[in-house]
Amino acid sequence: MLSKKFRTSAVIAGVASLALGLAACAGSSDDSGDGASGDTTAAAGGGGGDAIVVGFSQVGSESGWRAANTKSIQDTLTADNGFDLKFSDAQQKQENQIQAIRSYIAQGVDYIAFSPVVESGWDGVLEEAKTAGIPVILTDRAVDSKDTSLYKTFIGSDFVKEGQRIGEYVSDTFGTEPINVVELEGTTGSAPANDRKSGFADAIKGNPNVKVIASETGNFTRAEGKTVMEGFLQAYPDIDVVYAHNDDMGLGAIEAIEAAGKVPGKDIKIVSIDGVKDGMTALSQGKINYIVECNPLLGPDLAKIIKTLNDGGTVEPRIVTQDDAFNQEQATAALPDRQY
Ligand code: AHR
């Protein structure tokens with residue numbers, strides 16, 4: 001059953017696609033979003049009044065992954081492609097995201113998309129969007145709402161699987177003898193931190209050699225990853241492996257390990273998730289030992305989803321993006337063509 005707003009959007013779809021063609025001919029382009037704090041807008045330009053208005057609330061700018069994800073969205077949801085993107089950066093604060101979503105509802109945007117900073121606490125604002133008839137699309141991170149009618153789809157990686165793949169690698173490669181692992185967790189309460197932790201725990205549980213001796217959040221940032229790792233190095237003289245929930249925290253750990261006079265990748269092994277250029281470079285140099293990819297380039301799929309919905313079509317409730325995994329040799333081969 002189509003919401004009031006959705007019915008309106010579907011009716012104007014024909015007009016919008018005509019405007020799209022005209023915009024393409026005019027070759028106009030406009031992307032004023034810079035990924036910094038506050039609201040930015042990719043002006044309607046070629047899309048004019050018929051552009052699909054999308055309010056996007058981003059988590060923040062905490063990592064290289066996030067920068068690539070923001071760029072992908074801002075580069076794709078452009079006026080030339082028929083969109084009027086309203087973009088805001090929540091600086092890793094749920095209250096900022098709720099405020100941004102409420103503002104998009106008040107503005108009467110056609111669609112709301114967001115990457116939820118944490119999993120819980122969204123039902124109220126999602127109900128408000130539903131009541132206003134504005135379809136919501138979750139990108140990258142999940143919410144734990146029981147009522148799945150509060151959003152149209154969730155597109156992003158399988159974070160549990162990412163953690164499992166790392167756990168299997170650690171267990172098979174280093175866990176042939178007793179090892180001490182320290183874990184740099186992502187933002188507390190976020191879907192990737194929860195899922196990557198449980199996936200890893202699940203994969204190592206059958207191997208008594210693999211022991212997680214400490215686990216603390218580094219908030220997905222390089223600076224906090226470094227600080228937490230410095231504390232781990234002081235508290236535990238016998239760390240064998242660092243499991244970082246993202247590359248940035250792994251890169252922070254490298255700095256801390258080197259400052260402590262040890263060799264990252266050799267004295268202390270590092271495994272992480274993302275596969276951003278800086279992480280892949282460190283892997284290629286032997287400072288990180290293994291990376292499971294998490295693809296941040298969600299802009300094109302998000303645009304397709306919105307256009308499908310706008311044309312009156314339906315989308316799968318869960319769309320899982322495909323991710324790779326890399327050792328040193330594979331990272332070296334992949335780096336020249338790496339997009340992010
Ligand atoms: O939600 C995806 C995660 O968020 C990425 O792995 C991490 O780098 C980012 O901050």
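How far does a polar side-chain atom of S63 lie from an oxygen atom of the ligand? The distance is 3.2 Å. Keep in mind that this is a predicted model, where local features need pLDDT of at least 70, side-chain atom pairs count only at pLDDT 80 or more, and totals for chains, interfaces and linings use all residues. Residues are numbered from 1 along each chain as its sequence is written, and side-chain values use heavy atoms, with hydrogens and water left out.

**Around the ligand**

- The shell around the ligand is made of E62, S63, W65, R66, D140, R141, F159, P192, R196, F220, N246 and D274; a residue counts as near if one of its heavy atoms lies within 4 Å.
- Of these shell residues, four are nonpolar, two polar and six charged; here Phe, Trp and Pro are among the nonpolar types, while Asp, Glu, Lys and Arg count as charged.
- Domain 1 (4–157 + 296–323) and domain 2 (159–293) both give residues to the shell, so the ligand lies between them; the bounds come from an automatic or database domain assignment.

**Close pairs and cover**

- A polar side-chain atom of E62 is 2.4 Å from an oxygen atom of the ligand.
- For R66, an N or O atom in the side chain lies 3.0 Å from a ligand oxygen atom.
- The protein covers 100% of the 280 Å² of accessible area that the ligand has on its own (Shrake-Rupley method, 1.4 Å probe).

**Two loop residues**

- Most residues other than glycine have a negative phi.
- Q92, in the loop between β3 (83–89) and α4 (94–107), has a positive phi of about 60°.
- N219, in the loop between β8 (210–217) and α8 (222–235), has a positive phi near 60°.

How values were computed:
Polar contact = N/O pair within 3.5 Å; in protein donor to acceptor, adjacent residues only side chain to side chain. Helix = DSSP H or I, 4+ residues; strand = E, 2+ residues; numbered from the N terminus.
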